Amino acid sequence: MTDFILALFHTGHKLRISTLYHLLIGKRTSSVLLHGFFYRNLSFFDSFSELDEKQFNQLVDQLIRKKMIEQIEGFGQLTEAGQLQLQTSKVTQLVDLNGLRYGRERERMWQLSLLGVQVASYLTYQKNEYIPLDSRPSFLYQTKKWVRQSGKDFLIAFPRELQHIFASLNKYQANFLANQFSGHEQFGRVAFQLLPAEWQEVPWDRLYYQNAIDAFLHQALQQPNFRRLLKQLDQLNYNQSMLKTRNLYLRGLSIEEIGKQRNLKQGTLNDHFIEWALMAEDFPFSDFQLIAPASESEMLMWRYQEFAEIPYLNFRLSQILFLKEQDYERKTAAD
């Protein structure tokens with residue numbers, strides 16, 4: 001676990017240690033989300049919701065004693081020794097992990113996917129008697145409703161969607177996930193049996209599992225039948241109050257009007273817009289007057305007190321847009 005904690009300091013910047021803990025347990029405040037986004041740790045949001053703070057601090061203390069990081073007034077920073085240790089970290093392989101987007105309902109969405117595939121498989125062979133993988137009433141109701149509302153070509157289209165999803169994943173993810181599915185004359189294996197040997201240690205086993213499922217869900221939600229199956233659970237991944245604010249804004253209400261109608265303070269509205277901007281690819285940045293830094297280093301040094309002439313929300317949206325564009329440029333260059 002210490003190797004993973006060390007990897008959170010990979011940017012080399014000074015990071016507030018308490019905020020890293022809140023990121024890992026999924027504390028959904030704008031300060032935690034922005035910290036994760038600015039220092040490229042947001043993908044790990046809510047990855048360890050049950051992590052004890054005392055245990056986390058003990059792990060950090062181990063890294064300090066080993067001189068992997070140095071601590072100054074509640075902030076931690078990577079040392080040269082820590083940088084050398086990071087060269088062998090597995091973190092760079094977790095490119096599909098998206099805790100902010102899927103962390104709340106990841107597990108249930110995956111379990112419902114397993115059940116949906118099992119049901120479709122038995123229906124394909126006109127078999128109605130089998131033991132469902134999951135007997136929770138809500139899951140059984142959801143799958144029955146899903147099948148009942150499906151089109152007549154469902155049993156042809158759904159397997160094609162599944163094939164498309166697996167074709168979009170890398171072969172290791174595809175094999176890891178496909179072998180967990182059960183169906184007619186097919187019995188899935190448990191995840192631990194399928195983990196590559198180098199990922200079978202804590203916490204890498206969990207992170208590999210989460211990363212693979214997030215890759216699957218990203219593709220599945222683009223497929224019509226899978227999207228119908230998962231949509232209800234997927235909505236729960238979002239901050240519901242944020243969604244209400246977003247929907248009112250998209251209907252044409254101003255931020256001030258939304259505040260009055262929902263009886264929300266400006267700080268809460270700021271949190272909603274910041275979270276929306278971090279999660280969405282189509283956030284309406286053009287609606288706001290923004291400022292642009294000359295570089296990422298300059299942006300990370302910004303303090304709002306230096307920009308009192310613009311609203312706080314615009315200040316944060318300026319930072320978010322700049323980093324999103326930087327990421328796009330990096331990916332384009334890499335391609």
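**View A. R106 and the residues around it.** Neighbours within four places in sequence left aside, R106 is in contact with L97, N98, G99, Q210, I213, D214, L217 and N237, where contact means heavy atoms within 4.5 Å. The model is a predicted one, in which local features need pLDDT of at least 70 and side-chain atom pairs count only at pLDDT 80 or more, while totals for chains, interfaces and linings use all residues. Residues are numbered from 1 along each chain as its sequence is written, and side-chain values use heavy atoms, with hydrogens and water left out. R106 belongs to helix α7 (residues 106-124); helices (H or I, at least four residues) and strands (E, at least two) are DSSP runs, numbered from the N terminus. R106 counts as buried because its relative accessibility is 4%. Buried means under 20% relative accessible area, exposed over 50%, and partly exposed in between, with a 1.4 Å probe and protein chains only.

**View B. N237 in the loop between α13 and α14.** The loop that holds N237 runs between α13 (224-235) and α14 (240-250). With a relative accessible area of 1%, N237 is buried. Its side chain reaches the backbone nitrogen of E105 at 2.8 Å. A polar contact is a pair of N or O atoms within 3.5 Å; within protein, one must be able to donate a hydrogen and the other to accept it, and residues adjacent in sequence count only if both atoms are side-chain atoms. Outside four places in sequence, N237 is in contact with R28, L100, R101, Y102, G103, R104, E105, R106 and M109.

**View C. H272 in helix α16.** Helix α16 spans residues 266-279 and includes H272. H272 counts as buried, at 5% relative accessibility. In sequence H272 and S30 are 242 residues apart, but their C-alpha atoms are 8.2 Å apart in space. Beyond four places in sequence, H272 is in contact with N239, S241, M242, T245, R262 and L264.

**View D. The second largest pocket and its lining.** Rolling a probe the size of a water molecule over the atoms shows where empty space is left. On a 1 Å grid over the protein atoms alone, a pocket is an open set of points where a 1.4 Å probe fits, with protein on both sides within 12 Å along at least five of seven lines, and lining residues have an atom within 4 Å of a point. The second largest pocket holds about 630 Å³ of space; grid points are joined across faces, edges and corners, and a volume is the space filled by probe spheres set on the points. Its lining has 24 residues, and H35, F38, Y39, L300 and R303 lie nearest the centre. Two or more residues of the lining come from each of α3 (30-38), α17 (296-301) and α18 (312-334). Six come from α3, which gives the most. By type, the lining has twelve nonpolar, eight polar and four charged residues. Ala, Val, Leu, Ile, Met, Phe, Trp, Tyr, Cys and Pro count as nonpolar, Asp, Glu, Lys and Arg as charged, and the others, Gly among them, as polar.

**View E. Backbone at V202, P203, E185 and N263.** Most residues other than glycine have a negative phi, and most peptide bonds are trans. A cis peptide bond, with omega about 0°, joins V202 and P203. P203 sits in the loop between α11 (191-194) and α12 (204-220). E185 is not a glycine, yet has a positive phi of about 55°. The loop between α10 (171-178) and α11 contains E185, which is exposed, with a relative accessible area of 67%. N263 also has a positive phi, near 55°, and is placed in the loop between α15 (255-262) and α16. N263 counts as exposed at 71% relative accessibility.

**View F. G188 in the loop between α10 and α11.** G188 is partly exposed, with a relative accessible area of 30%. G188 is in contact with N179, Q180, F181 and S182, leaving aside neighbours within four places in sequence. From G188 to L323, 135 residues apart along the chain, the C-alpha atoms are separated by 41 Å.

View G. pLDDT is the predictor's confidence in each residue, from 0 to 100. Over residues 329-335 pLDDT stays under 50, and the model has two contacts beyond four places in sequence for them.
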